[in-house]
Amino acid sequence: MSEQDPMTLTFRCPRELDGLLPPPVPAVSGLPAWFKAMPQQAFNAIVSHEHDTVKRCPPFIDAMTCGFLIPLICDVKVENGEFTWDYDLPPGGESGFVRSPIGVHDASQVTGTPLFEADRFVIKFHNLWTIEAPDGYSLLFTHPVNRFDLPFTTLTGLVACDRYHDAWIHFPARWHDANFNGVLPKGTPVAQCFPVKRENWVARTAVFTEEETQRAHDLTNAIFREKGVYRRQFRA
């Protein structure tokens with residue numbers, strides 16, 4: 001396999017659910033409407049001229065478009081803290097599966113963490129796709145990157161999906177917008193996953209050499225003088 005050949009994540013679902021579940025999608029195709037609509041520049045009143053917005057920030061964009069988004073399996077209505085849905089799945093066959101889009105974790109399971117609230121559950125988004133990664137790769141599951149507009153925050157976890165791929169991975173989340181009333185639509189991204197190659201790493205610290213000092217000076221000046229230096233010369 002050459003460096004240009006794509007790696008593959010395999011998403012599988014029970015035969016009974018084929019065609020009923022919204023599939024995981026590449027994150028690049030799931031950018032939210034607010035990002036698409038925002039301007040590339042906006043007026044900065046402090047310096048009295050236009051400045052680039054995050055829509056022109058490659059690290060911001062690259063994080064949002066990396067990996068895959070896992071979707072909510074059906075519409076979920078939220079009203080005064082109550083979650084309801086109308087979703088009739090077919091009976092399970094040889095493989096049983098959960099039949100609701102959302103479950104809960106009792107607050108006791110997060111005792112001692114900042115997530116703990118005695119009178120509130122931690123919700124859990126149910127995912128009905130199993131996920132298999134290539135040998136040597138784990139998957140980092142986290143809240144969809146930079147999606148501060150969502151009324152929940154998905155917890156982060158790392159799963160060795162090259163080994164653990166014959167059962168489902170569900171996504172605990174804290175529902176942080178107690179005032180939200182409305183419908184969370186089918187297909188809403190509830191998690192983003194990034195393949196991570198398992199390797200051993202160590203940290204090393206060092207001081208700049210004279211050559212490194214000059215390179216840092218030259219690059220900093222180039223970034224100050226002209227736009228798009230990182231995007232043109234360094235972006236992968």
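Analyst: One term to begin with. A polar contact is a pair of N or O atoms within 3.5 Å; within protein, one must be able to donate a hydrogen and the other to accept it, and residues adjacent in sequence count only if both atoms are side-chain atoms. This is a predicted model, where local features need pLDDT of at least 70, side-chain atom pairs count only at pLDDT 80 or more, and totals for chains, interfaces and linings use all residues. Residues are numbered from 1 along each chain as its sequence is written, and side-chain values use heavy atoms, with hydrogens and water left out.

User: Which side chain does Asn44 have a polar contact with?

Analyst: That of His51, at 3.1 Å. Asn44 sits in strand S3, residues 41-44. Strands are DSSP runs of E, at least two residues; helices are runs of H or I, at least four; both are numbered from the N terminus.

User: And what is Asn44 in contact with, leaving aside neighbours within four places in sequence?

Analyst: His49 and His51. Contact means heavy atoms within 4.5 Å.

User: Switching to the core. Which residues touch the most other members of the largest nonpolar one?

Analyst: Phe125, Phe141, Phe152 and Phe171, in a core of 35 residues. Strands S6, S9, S11, S14 and S16 each give two or more residues to this core. Another core, of 8 residues, lies apart from it and includes Leu31 and Phe194. A nonpolar core is a set of buried Ala, Val, Leu, Ile, Met, Phe, Trp, Tyr and Cys residues joined through side-chain atoms within 4.5 Å. Buried means under 20% relative accessible area, exposed over 50%, partly exposed in between (1.4 Å probe, protein chains only).

User: How much of the chain is buried?

Analyst: 35% of its 236 residues.

User: Pockets now. What is the volume of the largest?

Analyst: About 280 Å³. A pocket is an open set of points on a 1 Å grid over the protein atoms alone, where a 1.4 Å probe fits, with protein on both sides within 12 Å along at least five of seven lines; lining residues have an atom within 4 Å of a point. Its lining has 13 residues, with Gly81, Phe83, Arg120, Ile123 and Trp175 nearest the centre.

User: Which helix gives the largest share of the second largest pocket's lining?

Analyst: Helix H4, residues 229-233, with 3 residues. Asp52, Arg56 and Glu226 are among the lining residues. That pocket holds about 230 Å³.

Notes: Grid points are joined across faces, edges and corners, and a volume is the space filled by probe spheres set on the points.
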